[in-house]
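My notes follow the order in which I looked things up.

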Amino acid sequence: MKNVTKRIILLSGLVVALSAGVHAQSFEWISSTEGRVWQSVKVKLQTNAEQTPLLTVNGAEEGTTFKAWGTCFNELGWDALNMLPRNEQESILRKLFAPDGDLKFTLGRFSMNANDYARDWYSCDEVSGDFQLKHFNIKRDQTTLIPFIKAAQQYNPNMTFWTSPWSPPSWLKINHYYSVRSDRNQNEMAPLSDVALFENQTEKNAKVFPQQLAVNDYLIQDPRYLQTYADYFCKFVDAYKEQGIPVSMVMFQNEAWSYTNYPGCAWTPEGIIRFHTEYLQPTLKKRHPEVALYFGTINTNRFDFIDQVLSDPRMRASVQGIGLQWEGRQILAKLRAKYPEYKYVQSESECGWGSFDWKAAEHTFELMNHYLGNGCEEYTFWNAILADGGFSGWGWKQNSLIHVDSKAGTATFTPEYYAVKHYSHYILPDSKIVSYKAGENDKTPILVVMTPQQKQVITVGNFNHEVKEITLKLGKRYLNATLQPHSLNTFVEN
């Protein structure tokens with residue numbers, strides 16, 4: 001190998017070789033701790049192990065091919081970006097989306113109709129009874145989401161996009177309202193409407209999420225309404241295509257198992273199967289065969305419920321992949337074991353509670369380890385940028401990768417930003433996930449990757465309060481390292 005002696009490291013690490021007999025000798029080690037990020041040194045592999053290896057890579061591993069990192073385009077993110085001077089806006093967009101930027105995002109998600117990080121509720125057609133969708137339009141999106149997306153496309157014109165709704169137009173729902181639950185402080189939904197969610201069901205199970213399952217589909221299950229909603233998906237894809245924003249994949253619903261006071265929609269297994277197999281999939285196949293249909297976004301750990309849906313032969317023939325987020329992570333491995341024929345993606349990284357702190361960075365670092373290590377081909381972050389407390393239009397305070405102070409007109413790159421950079425800056429599209437170790441037991445998550453350029457990349461975290469001595473066996477050599485407490489680490493082959 002050329003330039004093998006150029007980089008060596010001093011802290012901790014990992015290394016891997018995919019083909020027998022080929023072993024990197026030198027790696028750049030990038031390490032971040034709270035208040036001291038992106039420190040670079042060099043490290044060499046050794047012929048002896050200093051302790052029992054936490055991970056062994058022998059070159060015979062078969063792994064998933066990773067496809068894309070991405071983020072969501074939301075109205076409040078657009079507002080936050082526009083609080084900054086123009087030159088700083090462009091700098092941030094370059095860092096997020098340019099092929100030579102920091103995070104190198106190539107994937108974008110946006111919502112069909114308002115989500116909880118819209119300014120307020122809207123849909124593309126709130127005209128009750130408009131089954132022909134004559135009043136469908138994306139005028140609101142043309143003032144917010146579309147300019148945001150186009151600003152990103154200037155730095156990466158080859159981005160791909162996917163979409164899902166949080167709520168159908170209110171007139172398509174049994175409660176005629178955008179949310180699922182009433183909330184006297186956050187919406188104007190009549191409290192008596194809540195009875196439709198569970199009816200007389202009272203049983204709760206504290207070990208699962210949600211503790212109770214909806215007994216009614218909130219989308220009206222009349223054929224005329226179901227077909228109109230399938231047509232609505234296609235109209236939305238058409239409208240964005242006309243704007244130069246091609247949608248390559250859709251999911252039927254964001255978090256069908258969060259019964260929220262912000263835009264949402266509850267579903268039963270029967271309703272999910274009916275809408276997918278009888279309406280959405282056939283309509284997409286006829287009008288947009290280029291658009292993939294994934295089942296998601298799954299945010300429940302009730303495996304039996306998801307299994308009931310996927311075990312239906314019609315459903316299995318209708319969807320090409322599965323998207324998971326939040327509690328869905330808990331059943332990812334079990335789903336892949338039973339349904340290996342699907343593609344799997346992480347559909348929304350967890351957003352925290354507006355802390356913008358190092359603990360949030362460690363959590364996000366571990367999430368990436370879990371989803372990539374368990375075979376997800378794509379990873380989508382939630383808000384890339386928010387202002388001030390990170391409050392949604394419905395009062396939820398959340399994190400973001402970049403934090404804007406609206407009064408000062410300045411931006412701060414949060415600890416989570418660097419957690420993401422430790423992965424996305426080096427793990428490029430078409431990289432192969434070679435091996436991984438979860439961090440639940442010893443708080444030391446590890447991921448080993450081979451990039452398309454045949455460069456080995458290893459990420460490792462130490463979330464303990466003390467220094468962690470580690471060894472990795474990479475072929476016939478060892479990486480012996482001392483990881484600083486609460487550190488994020490990436491090792492990149494020279």
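**Cavities**

I started with the largest cavity, which has a volume of about 80 Å³. Ground rules for my notes: this is a predicted model, with local features needing pLDDT of at least 70 and side-chain atom pairs counting only at pLDDT 80 or more, while totals for chains, interfaces and linings use all residues. Residues are numbered from 1 along each chain as its sequence is written, and side-chain values use heavy atoms, with hydrogens and water left out.

By cavity I mean a set of points, on a 1 Å grid over the protein atoms alone, where a 1.4 Å probe fits but cannot get out; lining residues have an atom within 4 Å of a point. Points are joined across faces, edges and corners, and the volume is the space filled by probe spheres set on them. Searching the whole structure turned up 4 cavities of 30 Å³ or more.

I listed the lining of the largest cavity: Ser349, Glu350, Cys351, Thr364, Phe381, Trp382, Asn383, Asn399, Ser400, Leu401 and Glu416. Strand S12 (residues 378–383) gives the largest share of that lining, 3 residues. Strands (E, at least two residues) and helices (H or I, at least four) are DSSP runs, numbered from the N terminus. The lining splits into 4 nonpolar, 5 polar and 2 charged residues. For these classes, Ala, Val, Leu, Ile, Met, Phe, Trp, Tyr, Cys and Pro are nonpolar, Asp, Glu, Lys and Arg are charged, and the others, Gly among them, are polar.

The second largest cavity comes in at about 60 Å³. Its lining includes Asp116, Trp166, Trp326, Cys351, Trp382 and Trp396. I get 6 nonpolar, 2 polar and 3 charged residues there.

**Helix pair**

Next I checked H5 (residues 223–242) against H6 (residues 269–287): they pack at about 40°, axes 9 Å apart. Axes are lines fitted to C-alpha atoms, for helices over the stretch in contact, and angles run from 0 to 180 degrees between N-to-C directions. Contact means heavy atoms within 4.5 Å. Among the residues that meet are Tyr229 and Phe233 in H5, and Phe275 and Tyr279 in H6. I noted 10 nonpolar, 2 polar and 5 charged residues in this contact.

Last, I looked at an open sheet of 3 strands, order S13-S14-S15, with mixed pairing. Two strands pair if DSSP finds at least two bridges between them. S13 (385–387) and S15 (410–413) are the edge strands, each pairing on one side only. S13 and S14 (residues 402–405) run parallel, joined by 3 bridges. I found histidine 403 in S14 as the bridge partner of leucine 386.

Terms used
1 Å grid on protein atoms, 1.4 Å probe; cavity = no way out; pocket = protein on both sides within 12 Å on 5 of 7 lines; lining within 4 Å.
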